[in-house]
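This report goes through one structure for a reader who has not seen it before.

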Amino acid sequence: MLWIKAFHIVFIASWFAGLFYLPRIFVNLAMVPSGSDAERARLLLMARKLLRFTTLLAVPALGLGLYLWLGYGIGRGPGNGWMHAKLALVLLAIGYHHGCSVMLRKLEAGLSQRSHVFFRWFNEIPVLLLTAIVVLVVVKPF
């Protein structure tokens with residue numbers, strides 16, 4: 001079980017690293033001056049590759065977490081309300097990941113009207129999610 005926990009943590013950290021960096025690319029895309037087609041194309045390529053790699057990291061992270069929860073019973077039974085809160089936050093993280101892919105498609109199509117300031121704030125969401133998830137898992141407040 002400890003090996004599974006260790007790899008779960010590694011994949012979660014890697015997944016979130018991608019979620020931290022992808023919106024930073026969006027910030028740069030929102031700041032590309034019109035006519036800088038090569039810069040825009042390079043940033044879009046970076047974003048597509050990062051999203052693909054981040055998605056590949058999310059799959060084992062979530063799979064191992066489900067295995068720990070359902071297979072080993074971690075967080076099951078009375079007195080484990082923290083797990084329900086954690087799972088809700090994990091669903092929000094999955095939604096955030098999906099939201100990033102939707103935003104990337106809009107940026108690729110030239111349909112995004114979002115400013116670099118919006119993307120800077122949007123970039124803070126995974127930090128808050130990860131912080132709350134770690135506190136729930138370590139402290140188990142309820």
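## Terms and model

Helices here are DSSP runs, H or I, of at least four residues, while strands are E runs of at least two; both are numbered from the N terminus. The model is predicted.

## Annotated spans

An unreviewed UniProt entry lists residues 6–29, 50–70, 82–100 and 121–139 under "transmembrane region". Two of these spans, named in that entry as 6–29 and 82–100, can be described from the model.

Over residues 82–100, the chain is 100% helix and 0% strand. The C-alpha atoms at the ends of residues 82–100 are 27 Å apart. Residues 6–29 are likewise 100% helix and 0% strand, and here the end C-alpha atoms lie 35 Å apart.

## Helix packing

Helix 1 and helix 2 have axes that come within 8 Å and cross at roughly 155°. Angles over 145 degrees count as roughly antiparallel, so helix 1 is roughly antiparallel to helix 2. The crossing of this pair, helix 1 and helix 2, is left-handed. In the contact of helix 1 with helix 2, 25 residues are nonpolar, six are polar and two are charged.

A second pair is formed by helix 3 and helix 5, which pack at an angle of about 160° with their axes 9 Å apart. Helix 3 and helix 5 are therefore roughly antiparallel to each other. Helix 3 crosses helix 5 in a left-handed manner.

## The largest pocket

The largest pocket has a volume of about 680 Å³. It is lined by 29 residues, of which His8, Ile12, Lys86, Ile133 and Val137 are the closest to its centre. Helix 1 (2–30), helix 2 (37–71), helix 3 (81–109) and helix 5 (125–139) are the elements that each give two or more residues to this lining.

What classes of residue make up the lining of the largest pocket? The lining has 24 nonpolar residues, two polar ones and three charged ones.

## The annotated binding site

The unreviewed UniProt entry places a "binding site" at His8 and Lys86. These positions are spread over 79 residues of sequence, yet they cluster in space, with a largest C-alpha distance of 14.5 Å. Both His8 and Lys86 belong to the lining of the largest pocket.

Histidine 8 is located in helix 1.

Key
Residues are numbered from 1 along each chain as its sequence is written. This is a predicted model: local features need pLDDT of at least 70, side-chain atom pairs count only at pLDDT 80 or more; totals for chains, interfaces and linings use all residues. Side-chain values use heavy atoms; hydrogens and water are left out. On a 1 Å grid over the protein atoms alone, a cavity is a set of points where a 1.4 Å probe fits but cannot get out, and a pocket is an open set with protein on both sides within 12 Å along at least five of seven lines; lining residues have an atom within 4 Å of a point. Grid points are joined across faces, edges and corners, and a volume is the space filled by probe spheres set on the points. Ala, Val, Leu, Ile, Met, Phe, Trp, Tyr, Cys and Pro count as nonpolar, Asp, Glu, Lys and Arg as charged, and the others, Gly among them, as polar. Axes are lines fitted to C-alpha atoms, for helices over the stretch in contact, and angles run from 0 to 180 degrees between N-to-C directions. Angles under 35 degrees count as roughly parallel, over 145 as roughly antiparallel, 65 to 115 as roughly perpendicular and the rest as oblique. A crossing is left-handed if the near helix is turned anticlockwise from the far one by less than a right angle, and right-handed if clockwise. UniProt positions are given in the numbering used here, feature names are shortened, and annotations may be inferred rather than shown by experiment.
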